[in-house]
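Please take a moment to look over the sequence and the model below before reading on. The paragraphs after them are meant to be read with the structure open beside the text.

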Amino acid sequence: MKTDELRERYLAFFETKGHKRVPSDVLVPTWDPSVLFTPAGMNQFKDHFLGKVKLEFTRATSCQKCLRTGDIDNVGRTAYHHTFFEMLGNFSFGDYFKRDAINWAWEFLTDKKWLGIEPSRLTVTVYTDDDEAAGIWAKDVGLSVDRIERCGEDENFWPANAPSQGPDGVCGPCSEIYFHPDQGNPVEIWNLVFTQFNRVGEPPDNLRLLPSKNIDTGMSLERIATTVQGVPTNYHIDNLMPIVLAAAEVCGIKYEYESDNGRRLRRITDHVRACTFAVHENVYPGANKEKYVVKRLLRRAVLDGHQMGMRQPFLNKLVSVVADVMKRPYPELLETVKRVSGVIEKEEANFFGTIDAGLNHIDRVFDQMLRENRVTVDGAVAAELYQTYGVPPELFESLAAEHNLAFDWQGYEQAMEEHGEASGKVQHAVMGTRGPIDSLKQALHTTEFLGYETTEAEATIKGIIAGTAPNDHLCDKMKEIGHKNPVRVVLDRTPFYGESGGQVGDTGKLVGDGFEFAVTDTQKDGGLVIHAGHLVRGVMREGAKVKAVVDSQRRAGIRRAHSATHILHYALQKNLGSHAQQQGSKVDEDWLRFDFTNLSPVSGEQLAAISADVAQQVAASSPVKWEILPLADARKQGAMMLFGEKYPDPVRMISMGAFSKELCGGTHLTNTREVEQFEVLSEEGVSAGTRRIIALTGAKAAQHRRDIEAAIEKVAKLLGVAASEVTDAAGVLAGKVRELRKQIAGGGAALAKPQAVGQKVKSGTKPTYDEMKQALLETGRLLSVAPLDVPRRLAAIQADVAALEKQLAERSAAGPLSGERLLESAEEVGGVTVIVSEVPGVEANLMRQLIDQVRGRTSSSAVLLASRQDDDKVTLVAGISKDLQARKLSAGDWIRPVAAAVGGGGGGRPDMAQAGGKVPAKLPEALQIARETIQKMISKA
């Protein structure tokens, strides 16, 4: 199986389990200051796990580009280590938990439809105290105790050692799945993390159960590809070996797995792939943070090439190979091959220019250490080597390790800090230490804000800032059109609102004599308002007069949403109590997110009452006014003040009729009726004691209402009931599926007759919109999908019912089925009871039960059962008694040629084996092969 096919199978498998396929996040998540590169698949879902974003889905699956440098010294040396790799993952945000995560992992790995790994090659580990996971592995999956190993918190807890060592916060046990190859040690291929606790303080009793439990699993695509493809290392899989061989060709040597050059070629393969992706995302080699990582990787790879005789840039020639082998999942790489190759070639040339002198210097250092009997490389010497020859200290450390020498990291860091301090003093004397924004703050102090009264104003450009920190700078003019990085403009006065207080920044344009600047975002930095964007035409100069024009339509949507948050705050306190205070918010165009204090979820009835109160205040057309007044006066007038919040004095107070007074610096409506409409999308937990409501206003709310009405109409039509009855009817339909499955699992025996669905549309009063919305919400909860996904889910369930009824009809037409009934058609072959039979409409589990019944009634037996599943699938199950196993007969050997006859394959244990096929028409021929095969096996035994 090719790696690209494996990736697709994984994602497709979890789509069948109701997961949303989410594209890989970027490799360099600039939005997340806690990491330089994306380290794991869960990184893009941090806010989902913490409940900080609107959950458009509760199940997700992805294949994420990742880069880690923690094990960089092992890259190329071991079979499985990388810097860059792809991580397959499936995630649950308060949806399913351990049972489904474990069973689905096992199904994907072992089911012939997916990977078909032999189950006997797999073992698992669980956390020491996780009896729940161990029980699922034992009872659901059927693993024996000796295949379930219990490990401590250092191995099977995330974060490692969290219970005893911290940190505080969300954590949980994990379960790892290991593959046992023919040679070598077991290999961890999948880690299932169960985030179910919140660690609070020191042990004991410091793990508190979370109200909403999550699933986060991770499986290296390269490692599972190695397993499935049966190759010795990750570097021998189909999308890495071409790079290894191309590197060997470029370097003019033959790739030999066990040689030093073989390890160098694998390391080059890893590093050039990592750097191709990073540079593609505009992370160029540099001195700091992620840029330094790219520089370090490239120079390590250059050193490997140098040790194989290379004296000219060569890594750049591999970029096109990387792009080609990765083009299916990442076609965008092909578009930047020329740019990426150029960046890498330049860095190579820079290092090749100094590497010989640097290596000679290192050799002299090592010789001197040998003469002086020293075993630790002086950190100050390493710092000098980096500053003079550009040799990364990690590279120096690696070379030292090859000579059994240690490295003085503390001395290196101290020397670099001293160098930085000296440089800083020189820079301070010449340039000053302030950045461009600091210079403007010193000159302007503040930008006059006019946005409360108008969305257009005349202004003067006081500063133009180009570039990104730390290389950003003030410039007199800007004439580049289509520049990549946003330019920042500071005006003396502006109608643009800078993001603050939860309200997003304005967008719009600055228009001057012969030029236009598109404002894509507005931020605040102290008293300055910073307009970020791009010059779309002309030349923009400092001192130029401009007309600042806010996108008034977008601003109107933001105002609607912001005023709605104040009304919502009032309604929350009215219905939940005065404790329901704001804990944070975000306000965008006709969209709002509002966090508030509440110890328990808001019930459906409470949420309906809150929505009704908001609607009532919107309809009341209350005036919205604002005034600047002393803080003490605002307090006397009853303005709401949040605990722990620091307010300026004087303050700006927003009043809405007589029901709301809040201190706020945002932009608002003039009348509550201008909110137009208010629609709650979701209510969810963020953390212990904090809830979140996400809602829409204005046109977006109106559209959502139309979507709800259309969905409920479609659902009612699908179910053949009135809109007011959809939840009950959906429950009946879901129950019908369960009953049908029970009947089939029971061999077709009649159970309680499922209630009819869609037989009659009852007449009655048409439900209100709120009733329809609640019905759709409850139906979504019943089916574990979002409200607007209910029609699609119900259509799928109806298709399941049709398929199950067909299967049950086939089973019923075949008559009663039992082990005793099968024995009536048995033959005797060499003293062995042999049964080869088709059992229409029977699933594999029931076949195994029937085989066990026959084995329990006979002393020596061989049974093979077959069933057609749909029009393109055959299921085969074979079992033999213990005495035949003792004679070296195997159910797996028996079933294999039978499966081949119907276009399939399979196998299993000697006592019981299962296989599948794709050609049901050839089943009679296959059954004859089964009879002939078992006769030969018995006669030879």
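This is a predicted model: local features need pLDDT of at least 70, side-chain atom pairs count only at pLDDT 80 or more; totals for chains, interfaces and linings use all residues.

Residues are numbered from 1 along each chain as its sequence is written, and side-chain values use heavy atoms, with hydrogens and water left out. Helices (H or I, at least four residues) and strands (E, at least two) are DSSP runs, numbered from the N terminus. Two strands are said to pair if DSSP finds at least two bridges between them.

We can begin with an open sheet of six strands, whose order is β30-β31-β32-β33-β35-β34 and whose pairing is mixed. At its edges stand β30 (827-829) and β34 (905-908), and each has a single partner strand, so one side of each is left without a neighbour in the sheet. Direction ignored, neighbouring strands of this sheet are turned by 20 degrees against each other on average; here axes are lines fitted to C-alpha atoms, for helices over the stretch in contact, and angles run from 0 to 180 degrees between N-to-C directions.

With β34 it runs antiparallel, joined by four bridges, and a hairpin of three residues links β34 to β35. With β33, β35 pairs in the antiparallel sense over six bridges. Which residue of β35 stands opposite G905? It is G916, and T875 also stands opposite G916.

Helix α24 (residues 844-857) lies across β31 (832-838), β32 (861-869), β33 (873-880) and β35, and runs at about 25 degrees to β33. Helix α27 (residues 923-940) also packs on the sheet, where it touches β30, β31, β32 and β33, and its direction makes about 170 degrees with that of β31.

Two packed helices are described by the angle between their axes and the distance between the axes. For helix α26 (residues 891-901) and α27, the axes come within 9 Å and cross at roughly 155 degrees. The two helices are therefore roughly antiparallel to each other, given that angles under 35 degrees count as roughly parallel, over 145 as roughly antiparallel, 65 to 115 as roughly perpendicular and the rest as oblique. On the side of α26 the contact is made by D893, W894, P897, V898 and A901, and on the side of α27 by A926, I929, A930, T933, I934 and M937. Sorted by class, this contact has nine nonpolar, one polar and one charged residues, where Ala, Val, Leu, Ile, Met, Phe, Trp, Tyr, Cys and Pro count as nonpolar, Asp, Glu, Lys and Arg as charged, and the others, Gly among them, as polar.

Another open sheet has three strands in the order β25-β26-β27, with antiparallel pairing. Its edges are β25 (624-629) and β27 (660-663), each with a single partner strand, so one side of each is left without a neighbour in the sheet. The twist from one strand to the next averages 20 degrees. Six bridges pair β25 with strand β26 (residues 651-656), and K625 stands opposite S655 in β26. Helix α16 (residues 552-576) lies across β26 and β27, running at about 70 degrees to β26.

Side chains of opposite charge can pair when their charged atoms come close. Counting a side-chain nitrogen of Lys or Arg within 4 Å of a carboxyl oxygen of Asp or Glu as a salt bridge, the model has 41 salt bridges. One of them joins R99 and D140 (2.7 Å, N to O). R99 lies in helix α3 (residues 98-110) and D140 in helix α4 (residues 131-141), so this pair ties together parts that are 41 residues apart in sequence.

Finally, we turn to the backbone. Most residues other than glycine have a negative phi, and most peptide bonds are trans. The bond from W158 to P159, however, is cis, with omega near -10 degrees, and P159 sits in the loop between β6 (157-158) and α5 (162-165). P203 and P204 are likewise joined by a cis peptide bond, with omega about 0 degrees.

Terms used: Contact means heavy atoms within 4.5 Å.
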